[in-house]
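Definitions are given where they are needed.

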Amino acid sequence: MSAAPAAPPSASASAAPRPVAVDVPPWWRLYPNRIVTFWLVELRKIRHDRTELYMRAVQPVLWLLIFGETFSRIRAIPTPPGVSYLAYLSPGIMAQSALFIAIFFGIQIIWERDSGILTKLMATPTPRLALISGKAFAAGVRSVSQVVVILALSAVLQVRFDWNPLHLLGAALVVVLGAAFFSCLSMTIAGIVLHRERLMGVGQAITMPLFFASNALYPVAVMPGWLRALSSVNPMSYEVDALRGMLLGTPTALLLDVGVLAAAVVAGVAAAASLLPRLAR
Amino acid sequence: MAAPPADLPGVALPLTVRDLRVCFGSVTAVDGISFAIRRGEVFGLLGANGAGKTTTIRVTTTLIRASSGSVAVFGHDVRADALRVRHLIGYLPQALSADFQLSGYENVWLFARLFDLPRREREARVREVLRAMGLDDVRDRLVSTFSGGMVRRLELAQALVNRPALLVLDEPTIGLDPLARADVWERVRELREQTGMTVLVTTHYMEEADTLCDRVALMHRGRLVAGGTPGELKAALGPEATLDDVFRHHVGKAIEDEDVTGGGRDVRRTRRAAQRLG
């Protein structure tokens, strides 16, 4: 093309020009850095606008106060010996309210896409996997607020928890893992449907099934066989099981629970990251 | 990541594009273009909506992949070496991209972290670019309270915080009022004088391209149809010609029936940016 300005340097130039040197940090420094970065940004956003935080506290309070108190009275649901239904329910509601936050986290990524923020983030030296990991753990930070709300409420209602600080920390970590997974699920859906309204619809449609097909409200033992099968592939069940182990001291397969959650997070991050280019287009 | 010294012989050029072709499904957005940018120049990529400018930019910034051909930034292939390329580039996208839920300072701080600036330099560098963009006084205010011109300057600060060797500006002044536009350009010009950084810019404001760009290339329907210094292009048409005339001459009458390569989408994006600027 003769009209092209400044044709590229011809191949006949004496030696290939050398690239300009650039230092890129190794992945084991890059990933933690990005996760901490998005984590800090999320904290800043929460600090600038606490409305969502307060509104989010309403629902778990209703679940515990109304549903929990009522069902405690009916004694319809078998609980482990020495554990009141309210105590049994609290970890379930903890996981549920974190799920509610995380499942709509994809809206943030669609918003960032529509407003051009995502494009610019993707043009920074942040690999897609690191970007999604950062976002997922940011959702985790937001959901920790629910842990605090439910612990506070449980203290007021005199629920008999194991208040060992290490166990509380463990519970917070489990909730972070759960929220990280469900936010990845949300971002994956965002990558498929691409529009806020559709994501809202899908989110609404899957939230309750995820919640009911888990051991959050009732033990697996009382479920019909088909529901039990669903519950056994629902990461939510493993999250609740781990939380009960931490907070109530009930016998649980903690290693299995955390292992399943961690594997779900890895798979979720990979799925969401693979769909990210669709959002960046 | 300081800008490399000017014109070292044997050191790769800021941008080398060879036979670049980008297809979206059956639509060819960029149809085999080649050009190179020299160190320290301001290079303007001009063209109507949907001409392929933004697509070219997005390949350069590693956001989308070329269907064929190659693009290298300072000798690093955009596909094979994306992270290094991103370290070298400062990118101002067409759509507004500052986070309105954060303060001015936090917006730039985020990018300082994402570009791996060492902790001890981070704060000083963030303050430095905010000062250079005249935003030091408002740095702790939420961006949602900023005017359009301030948001654009903040985004420039974000793009500059890593001291990019190649600054990529996609329609930097779109939706801004004339004063804010002049202000953005003034700051880009100052920066370039101070740092000698190379700039790749797209615009449809021909008078801006005329006064700011050392060289320009005119794109139409995914191809380069003309290129050279603004002076050369004008002289080729006649003594009184403006860059607008050049544009009209090469692209002009085709614009009415234009909308082949995603022009509608381009316009939508532009309007959205304008809307957010208020």
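## Chain A: elements and extent

Helices (H or I, at least four residues) and strands (E, at least two) are DSSP runs, numbered from the N terminus. Chain A has 11 helices and zero strands. Read from the N terminus, its elements run α-α-α-α-α-α-α-α-α-α-α. Along the principal axes, the C-alpha atoms of chain A fill a box of roughly 85 × 40 × 35 Å.

This is a predicted model: local features need pLDDT of at least 70, side-chain atom pairs count only at pLDDT 80 or more, and totals for chains, interfaces and linings use all residues. Residues are numbered from 1 along each chain as its sequence is written, while chains are lettered from A and ligands numbered from 1 in the order in which they are written.

Chain A has 281 residues, and 44% of them are buried (20 or more other C-beta atoms within 10 Å of the residue's own, with C-beta atoms placed from the backbone). Two residues are in contact if their C-beta atoms, placed from the backbone, lie within 7 Å. Of the chain A contacts between residues at least 6 apart in sequence, 81% join residues at least 24 apart.

## Chain B: α8 against α9

Helix α8(B) spans residues 230-237 and helix α9(B) residues 243-250. They pack at about 65°, axes 9 Å apart (axes are lines fitted to C-alpha atoms over the stretch in contact; angles run from 0 to 180 degrees between N-to-C directions). α8(B) is therefore roughly perpendicular to α9(B) (65 to 115 degrees).

Pro230(B), Leu233(B), Lys234(B) and Leu237(B) of α8(B) meet Leu243(B), Asp245(B), Val246(B) and His249(B) of α9(B). The residues of this contact divide into five nonpolar, one polar and two charged (Ala, Val, Leu, Ile, Met, Phe, Trp, Tyr, Cys and Pro count as nonpolar, Asp, Glu, Lys and Arg as charged, the others, Gly among them, as polar).

Definitions and conventions: Parallel < 35°, antiparallel > 145°, perpendicular 65-115°, else oblique. Buried ≥ 20, exposed ≤ 12 C-beta atoms within 10 Å, placed from the backbone.
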